[in-house]
Amino acid sequence: MTQIEFQAMPLYGIGTVARLTGVKPDTLRVWERRYSLGASHKSPTGRRQYTQTDLDHLQLVSALVESGTRIGEIAGSDRKTLEHLLDSSTGTTAAAPKPRVIFVGQRLASWLQEHQGYLAKCNAKITASSVIEFLDAASTNEFVCDALVVESTSLGPEAWRRLSNARECLGNPSLMVLADSISDHWREELDRAGVASAEFPPQPTELAYYLAHGVTEKESDAGHSSLSELVSTRPHAFSEKQLRELKEIGSQDSTQLITMVEDLNELETVCASRDGDTWQEAASNAVIYALVRQARWLTERALETAVSPHGRS
């Protein structure tokens with residue numbers, strides 16, 4: 001039976017984990033020493049390296065400790081137990097688990113080493129095994145995933161048959177095929193089968209869109225999703241009523257900023273409703289939406305400064 005080795009991708013240093021969990025680096029080191037609760041990897045120089053799974057687990061532990069739970073009581077608990085405790089003790093529902101994505105292929109594994117940011121929003125398993133090795137193993141191993149990204153040199157009838165069979169064994173996850181060349185015929189076949197395809201190496205925006213839209217579409221079974229559901233939300237700082245009231249009493253500078261915020265709010269709504277007929281259009285729309293949303297958020301920060309007592313001239 002073929003054995004597939006998955007490699008976890010260390011993404012974060014201890015400083016980043018401390019910032020994202022609210023736990024001081026010294027405390028993280030103590031937790032690791034006393035409870036074996038910490039980084040699952042270390043660099044050749046001995047620096048702690050945390051995977052996304054490590055970070056997700058520590059965020060749950062941190063939230064419980066913050067609510068008054070003793071670290072010794074929960075240090076050995078698994079994720080489901082921690083989520084249940086968080087829900088029952090604080091009434092706070094834990095964040096939904098990140099989609100489980102398997103990445104297959106030696107070149108793809110190497111590419112991800114240079115583009116690790118795309119792994120932050122999924123629970124990734126990466127194997128440098130060939131697609132053939134993985135497909136052989138998929139029929140006899142209990143691999144579970146929400147999405148599958150495979151890299152292959154080419155795609156033909158036999159490769160597609162094996163890939164389809166393996167996909168069925170995996171529970172019919174969302175699928176993306178990356179190949180050196182994909183003919184128009186096979187691109188149409190993949191589109192009809194609901195499979196995303198792109199040339200290798202992928203455009204970063206193409207892969208980012210797939211990981212967001214492809215997985216969300218599978219989970220919701222809705223056909224299309226609004227971009228506003230796929231990009232992390234930056235809350236609005238001002239309601240429409242607040243903007244109208246500020247415009248009545250504001251200075252010339254603040255009035256200009258208010259108008260900018262209103263225009264960006266409108267543009268953000270328009271961008272969120274756009275999809276795309278092709279991967280290129282969809283990926284472009286996703287980037288535009290994210291940038292407009294960021295511009296609105298930054299303009300609101302400027303407006304907050306302008307209308308604060310310290311910001312008034």
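Helices of at least four residues and strands of at least two are DSSP runs, numbered from the N terminus. On that basis, the protein chain of this predicted model has 14 helices and seven strands. Of its 313 residues, 40% count as buried. Among the contacts in the chain with a separation of 6 or more, 62% are accounted for by residues 24 or more positions apart.

**Helices H1 and H2**

- Two packed helices are described by the angle between their axes and the distance between the axes.
- For helix H1 (residues 14-21) and helix H2 (residues 25-35), the axes come within 9 Å and cross at roughly 100°.
- Since angles of 65 to 115 degrees count as roughly perpendicular, H1 is roughly perpendicular to H2.
- H1 contributes Ile14, Val17 and Ala18 to the contact, while H2 contributes Pro25, Leu28 and Arg29.

**The buried side of H1**

- Ile14, Val17, Ala18 and Thr21 are the residues of H1 that are buried.
- These residues lie on the same side of H1, because they cover an arc of only 100° around the axis.
- Their packing partners are H2, strand S2 (48-49) and helix H3 (52-66).

**The five-stranded sheet**

- Five strands form an open sheet in the order S4-S3-S5-S6-S7, and their pairing is parallel.
- Strand S4 (123-127) and strand S7 (196-199) are the edge strands, each of which pairs on one side only.
- From one strand to the next, the twist averages 15°.

**Strand pairs within the sheet**

- Strand S3 (residues 100-104) runs parallel to S4 and is joined to it by five bridges.
- Valine 101 has alanine 124 in S4 as its bridge partner, and valine 104 stands opposite threonine 127 in S4.
- S5 and S6 are also paired in the parallel sense, over six bridges.
- Valine 150 has valine 177 in S6 as its bridge partner.

**Burial of the strands**

- S3 is largely enclosed by the rest of the structure, because four of its five residues are buried.
- Strand S6 (residues 174-179) is mostly covered, with six of its six residues buried.
- The cover of S6 extends to both faces: Ser174, Met176 and Leu178 are buried on one side, and Leu175, Val177 and Ala179 are buried on the other.

**Helix H7 on the sheet**

- Helix H7 (residues 131-138) packs on the sheet, where it touches S3, S4 and strand S5 (147-152).
- The direction of H7 makes about 140° with that of S5.
- Val131, Phe134, Leu135, Ala137 and Ala138 are the buried residues of H7.
- These residues are on the same side of H7, because they cover an arc of only 165° around the axis.
- The elements that cover them include S3, S4, S5 and helix H8 (157-169).

Key
Residues numbered from 1 in each chain as written. Predicted model: local features only at pLDDT ≥ 70, side-chain atom pairs only at ≥ 80, totals over all residues. Heavy atoms only, no water. Axes fitted to C-alpha atoms, helices over the stretch in contact; angles between N-to-C directions. Parallel < 35°, antiparallel > 145°, perpendicular 65-115°, else oblique. Contact = heavy atoms within 4.5 Å. Buried < 20%, exposed > 50% of the residue type's maximum accessible area, 1.4 Å probe, protein only. Arc of directions from axis to C-beta. Pairing = 2+ DSSP bridges.
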